[in-house]
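Student: I would like to go through the labels used for this structure and see what each one rests on.
Tutor: Ask about them one at a time.

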Amino acid sequence: MANATYDRKEQFQQIQSGLLDGERIIAVYDAVGTGTGFIGLTDRRVIIQDRSFVGKKYAITSIPYSKITSVSVVSNKSWGGSFFSTGAIAIHVGTHTYEVEFRGAEKSHHVHNVILHYIS
């Protein structure tokens, strides 16, 4: 796990506590904005902390890579600039889309590429 990257140790530890036998953490990134607390990437799944439930409840949602249909870079700008000029991605799972915004485009780039690697 020494090569896993993460923003906040407590988020990393939360993901670590729920790993399956032999599962390895790739990265855990803090999310900004409302709704998502953080995203974790392992070699088996994407783990999202979702804080958008009523009554200040939150859920930890595991999404196997096999269930992800696509991953998108989300931007409110035209595509005239860099492909990863934004710090947000969207993960499409069936009819549901999870949008995660990060501090810094390098994190969205890393998450996008890891997910794309496992779903293609």
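Student: Why does Arg 8 count as partly exposed?
Tutor: The model is a predicted one, and the values discussed here are computed from it. Arg 8 has a relative accessibility of 38%. Partly exposed is the class between under 20% for buried and over 50% for exposed, so Arg 8 counts as partly exposed.

Student: What makes the contact of Glu 10 and Arg 8 a salt bridge?
Tutor: The distance from N to O is 2.7 Å for these side chains. The rule asks for a side-chain nitrogen of Lys or Arg within 4 Å of a carboxyl oxygen of Asp or Glu, so the pair qualifies. Glu 10, with a relative accessible area of 43%, is partly exposed.

Student: Which residues are linked with Arg 8 in a network of salt bridges?
Tutor: The network links Arg 8 with Glu 10, Asp 30 and Arg 103. Within this group, the side chains of Arg 103 and Asp 30 meet in a salt bridge at 2.7 Å, N to O. That pair links distant parts of the chain, with Arg 103 in the loop between S8 and H2 and Asp 30 in strand S2, 73 residues apart. Asp 30 counts as buried at 10% relative accessibility.

Student: How many salt bridges are there by this rule?
Tutor: The count comes to five. One of them joins the side chains of Asp 7 and Lys 107, at 2.9 Å from N to O. Asp 7 lies in the loop between strand S1 (5-6) and helix H1 (9-17), and Lys 107 lies in helix H2, so this pair ties together parts that are 100 residues apart in sequence.

Student: Are Asp 7 and Lys 107 buried or partly exposed?
Tutor: Asp 7 has a relative accessible area of 31% and is partly exposed. Lys 107 has 16%, and the cut-off for buried is under 20%, so Lys 107 is buried.

Student: What makes the pair of Tyr 29 and Phe 102 edge-to-face?
Tutor: The angle between the planes is 80°, and over 60 degrees counts as edge-to-face. The centres are 6.2 Å apart, and the limit for a pair is 6.5 Å. Tyr 29 is in strand S2 and Phe 102 in the loop between strand S8 (96-101) and H2, so the pair ties together parts 73 residues apart in sequence. Phe 102 counts as buried at 5% relative accessibility, and Tyr 29 is buried too, with a relative accessible area of 8%.

Student: Which side chains make a polar contact with the side chain of Tyr 29?
Tutor: One is the side chain of Thr 5, at 3.2 Å. Another is the side chain of His 110, at 2.8 Å.

Student: Why is the pair of Tyr 65 and Tyr 118 called stacked?
Tutor: Their planes are 15° apart, and under 30 degrees counts as stacked. The rings lie 4.5 Å from centre to centre. Because Tyr 65 lies in the loop between strand S5 (59-64) and S6 while Tyr 118 lies in helix H2, the pair ties together parts that are 53 residues apart in sequence. At 5% relative accessibility Tyr 65 counts as buried, whereas Tyr 118, at 29%, counts as partly exposed.

Student: How do you know that the span of helix H2 agrees with its number of residues?
Tutor: H2 (residues 105-119) has 15 residues, which at 1.5 Å a residue should span 21 Å. The C-alpha atoms at its ends are 21 Å apart, so the two agree.

Student: How do you know that the buried residues of H2 line one face of the helix?
Tutor: Seen down the axis of H2, the buried residues fall within an arc of 165°, so they line one face. These residues are Lys 107, Ser 108, Val 111, His 112, Val 114 and Ile 115. Glu 106 and His 117, on the other side of H2, are exposed.

Student: What covers the buried residues of H2?
Tutor: The cover includes strands S2 (25-30), S3 (36-42), S4 (45-50), S6 (68-74) and S7 (88-93).

Technical notes: Residues are numbered from 1 along each chain as its sequence is written. This is a predicted model: local features need pLDDT of at least 70, side-chain atom pairs count only at pLDDT 80 or more; totals for chains, interfaces and linings use all residues. Side-chain values use heavy atoms; hydrogens and water are left out. Helices (H or I, at least four residues) and strands (E, at least two) are DSSP runs, numbered from the N terminus. The expected span of a helix is 1.5 Å times one less than its number of residues. Buried means under 20% relative accessible area, exposed over 50%, partly exposed in between (1.4 Å probe, protein chains only). The arc is that of the directions from the helix axis to the C-beta atoms. Contact means heavy atoms within 4.5 Å. Rings of Phe, Tyr and Trp (its six-membered ring) pair if their centres lie within 6.5 Å; planes under 30 degrees apart count as stacked, over 60 as edge-to-face and the rest as tilted. A polar contact is a pair of N or O atoms within 3.5 Å; within protein, one must be able to donate a hydrogen and the other to accept it, and residues adjacent in sequence count only if both atoms are side-chain atoms.
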